[in-house]
Amino acid sequence: MSETETQSMAGLRVVVPETRELEVLARMLERQGAEAIRCPLVAIIDAPDPVPIEAWLRRFIATPPDDLILLTGEGLNRLLGVAARAGIETGFRAALAGVRRICRGPKPSQRLRSIGLGPDLAPEPATTAGIIAGLEALDLRGRRVAVQLYPDNPNAPLLDFLARAGAEADPILPYAYATRAEDRRVLETLGAMAEGRVDLVVFTSTPQVRRLVSLAEAAGRQAMLAEALARTPIAAVGPVVAEAVRAAGGQVAVMPEENFHMKPMVNAILAGLRDGASSGLR
């Protein structure tokens, strides 16, 4: 890539949703010369420290457990993400195929099916009590049971049950919820947008748009939200996200015509800059 190409977005201040997965998009924009303003526009975030999660994954691969209890689809999604970034996703998927998979509800079951697997047990009701009831008829003595937890719930009833049943539990918490400090950062970014200090905001999922709207409403900043969406050009990764932007009161200036992923998103922004006034950029 030439020096001219790397400076195609020189001086452009772009708000980018902040997660480890979307860091790739931020770096793509920065290579083009943009200033990426990382903003926690998602309510669910990666765990602050990936080291224990990667260690758990490597343990899972090296000595697979007998059982895996998945409590949320998001949990499996985050585990796969950490495995991919660590270069061990293939090994993790292979180990997953060999364990008994126990799912609470349809979402972890659906996520398993998306990678060619499925639940071996999906007890009803889809609650911790339902999981425990479904396991009570099984002999768990001496079995190693991996347990995917979710934030704000250490799930002592489930872990206590496994201990009483003679199983060895290996729990992991692979994600976190956004904090109030992160909420404040979102509102500060919204203020910068309303003041015209942001050149572009990029939305890559509908939950990001919903979070921006919900935080503005909770803080009584609806007028600021309206001004921010009116003054700031908006890029959407695809038509579903674009519809969410319109529902929030904004208008999309840039969207890939097809292949709704990060690289086409960057290319669409570059094309919009070349088009200038007709795209609403610059």
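The dialogue below goes through the helix contacts and the sheet of a predicted model.

Student: What should be kept in mind about the values?
Tutor: This is a predicted model, in which local features need pLDDT of at least 70, side-chain atom pairs count only at pLDDT 80 or more, and totals for chains, interfaces and linings use all residues. Residues are numbered from 1 along each chain as its sequence is written, and side-chain values use heavy atoms, with hydrogens and water left out.

Student: Why is α3 called roughly perpendicular to α4?
Tutor: The axes of α3 (residues 51-62) and α4 (residues 73-86) come within 10 Å and cross at roughly 85°; angles of 65 to 115 degrees count as roughly perpendicular, so α3 is roughly perpendicular to α4. Axes here are lines fitted to C-alpha atoms, for helices over the stretch in contact, and angles run from 0 to 180 degrees between N-to-C directions.

Student: Which residues make the contact of α3 with α4?
Tutor: With contact meaning heavy atoms within 4.5 Å, Ile-53, Glu-54, Trp-56, Leu-57 and Arg-58 of α3 meet Leu-79, Val-82, Ala-83 and Ala-86 of α4.

Student: What makes β5 and β7 edge strands?
Tutor: The open sheet has the order β5-β4-β6-β7, with parallel pairing, and β5 (100-103) and β7 (168-172) each pair on one side only.

Student: How do you know that β4 and β6 pair?
Tutor: Two strands pair if DSSP finds at least two bridges between them, and four bridges join β4 (residues 67-70) to β6 (residues 144-148), which run parallel. In β6, Ala-146 is the bridge partner of Leu-68.

Methods: Helices (H or I, at least four residues) and strands (E, at least two) are DSSP runs, numbered from the N terminus. Angles under 35 degrees count as roughly parallel, over 145 as roughly antiparallel, 65 to 115 as roughly perpendicular and the rest as oblique.
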